[in-house]
Amino acid sequence: MKLLTGNHLVNGYVIWWTGEGWSRHVEQATDVGDKGEQIAQVEAAACRVNNPYIVDAEPGPTGPVPNHIKERIRAIGPTVRPDLALKPADASAGSYVI
Amino acid sequence: MYRYDKFDQAIVDTRVEEFRDQVRRRIAGEMTDDQFKPLRLKNGLYLQLHAYMLRVAIPYGTINAKQLRVLAHIARKYDRGYGHFTTRQNMQFNWIRLEDAPDALADLAKVEMHAIQTSGESIRNISADQFAGAAADEVCDPRPWAELIRQFTTFHPEFSYLPRKFKIGLTASDNDRAAIKLHDVGLQVLRDEAGNFGFRVFVGGGMGRTPFVAHLIRDFLPATSICSYLEAILRVWNRHGRRDNIHKQRIKILVHDLGAEEFARQVEEEWQAIQRQDDDMPLKEYERIAAYFTPPPFEEGLSDELDLSDPRFAAWVARNVDAHKQPGYAIATISLKPIGGIPGDVTAEQIDLLADLAEQYSFDDLRPTHAQNVTLPHVRKADLYALWQKLDAAGLGTANLDLISDIIACPGLDYCSLANTRSIPLAQKLAERFADPARQLDIGELKLKISGCINACGHHHAGHIGVLGVDRKGTENFQLLLGGSGAEDASLGKIVGPGFTEDGVVDAVERAVEKYRAIRTDGERFLDTYRRVGVEPFKEAIYG
């Protein structure tokens, strides 16, 4: 599956296209199929996202899981500062990234 | 330290307001990302993996307490309570909101700081010896020259469209603590027999994708010609430097392609032409700037005796304290590498503490180092014990300077959008593997440096042991290099063989270290043994 991601214009946070808008939570991301470029163009032009691009992912138990480690780290936050991660108390964070 | 005059302050204040308007226009949708990106980069604002990152310049690595407290304030108000000292003596904040960036820059401007030329194709912040003005082995304080070059190059119209970024390193000592030979231009201040200042000029060094040790192109350049000579170097690069391939645009590629001799010839020719226009800097300008760097009011007649009866304090003194030019004083370096910590990271509270300690013990002077530690340059020896006790209580008393756990690590894939692998978790694992202080001391000086990608912000090429993270089909893989040095005996490490997993490279480093311990002769550092025996014994130990 293909996900569309980028960074929020104002705060720079990682965001994912949900089909209706943007979410910080990758599990809410939707498969954009072959529509990613088109959505990216519209959303970037409307200043709702910074630097949008498409990533490969696979379905997971709680939602899409990006294939590349870089995108998994983007989805969760710095692995060395779990207190600053998107879900600080998530005990499964380590196994999600690796 | 240098203080802004009204022109400096006006330039920085105006720049903040200009950027504030640019940010407003970007958020309002009046500018595209492509239009805005070069503008934010000119103000040190990157877009990294998780958020915007602001890189603040600390000119030639000199900062005072008032400025440190503003860094702590920025960490608290606009970031998430911490900052990160980089490998070029700057500070980065990882979580800055775009709309807050102008306010953060305005706060910095109030204490004569900025983020200009910390990114983009510009002449970056000048790196300098962290012991400047204090070292027993220097010919002079090199910082007035650094400030002069900073003023000359900042916003210089001829340097506003360079092929690529340009980094200058500066020292005034034969013991190179600023890695000058791994800079685009490395400068060593010298004095001739008559006492005149001059520069030994190295060009074309650097790490990254294509690493080179810089070439010596001038053995003694009269010091007052430094600006015209730098201009000549930059003109030759501007004229011939490639602009068609981002990987071949640094000056080191041009120096390599032309050959150092031909490059030097062209620089001399260009320099003669500039000199004919009588365009050298007047000595009085140097003297004006040097007046800001007069030595602090050292006390005379202080004792050099130290009570080393506390063994933990004695261990810290042995590792982290260096000789000062003034009797009764010492240079104290504070390790930001506690075992298991994140190299270079400091909390806002720790930054405030560093400010207090700089004021109380070091004439309001603190120096970030390229090894991601900080130095208090002027500490009375009689105050060292009290200083260490305060550091120890704050978790900053680690006695590991230049030992294997004093690891340089780039932010890596935990923060950086260019990285292939994480660097920090590997640094933490390696530090934990070698945590035993007695074992570290037995191993002795060993500079271990980790980069999470080929751009080499973690200086892996210059590590006695270096680790380079590479992407192996979406998984992290680590290559091991041996034999690098960023010091006066600069050399580039060589890849030993196939890469490893994260745990695998920790084991491989340990096998290399144990091989060194088995075959070293008296007094040999790891690097000395490697240079004596070559890679093969280590390769055999690592791969079996």
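Two residues are in contact here if their C-beta atoms, placed from the backbone, lie within 7 Å. Keep in mind that this is a predicted model, in which local features need pLDDT of at least 70, side-chain atom pairs count only at pLDDT 80 or more, and totals for chains, interfaces and linings use all residues. Residues are numbered from 1 along each chain as its sequence is written, while chains are lettered from A and ligands numbered from 1 in the order in which they are written.

Now for the overall build. Chain B holds 17 helices and 19 strands, where helices (H or I, at least four residues) and strands (E, at least two) are DSSP runs numbered from the N terminus. Its C-alpha trace spans about 60 × 60 × 55 Å along the principal axes.

Next, look at the domains, whose bounds come from an automatic or database domain assignment. Chain B is divided into domain 1 (6-109), domain 2 (142-291), domain 3 (311-393) and domain 4 (408-543).

Finally, turn to the partner chain. The contact between the chains takes 22 residues from chain B and 22 residues from chain A. On the chain B side, the elements giving two or more residues are α13 (424-433) and β18 (475-482).
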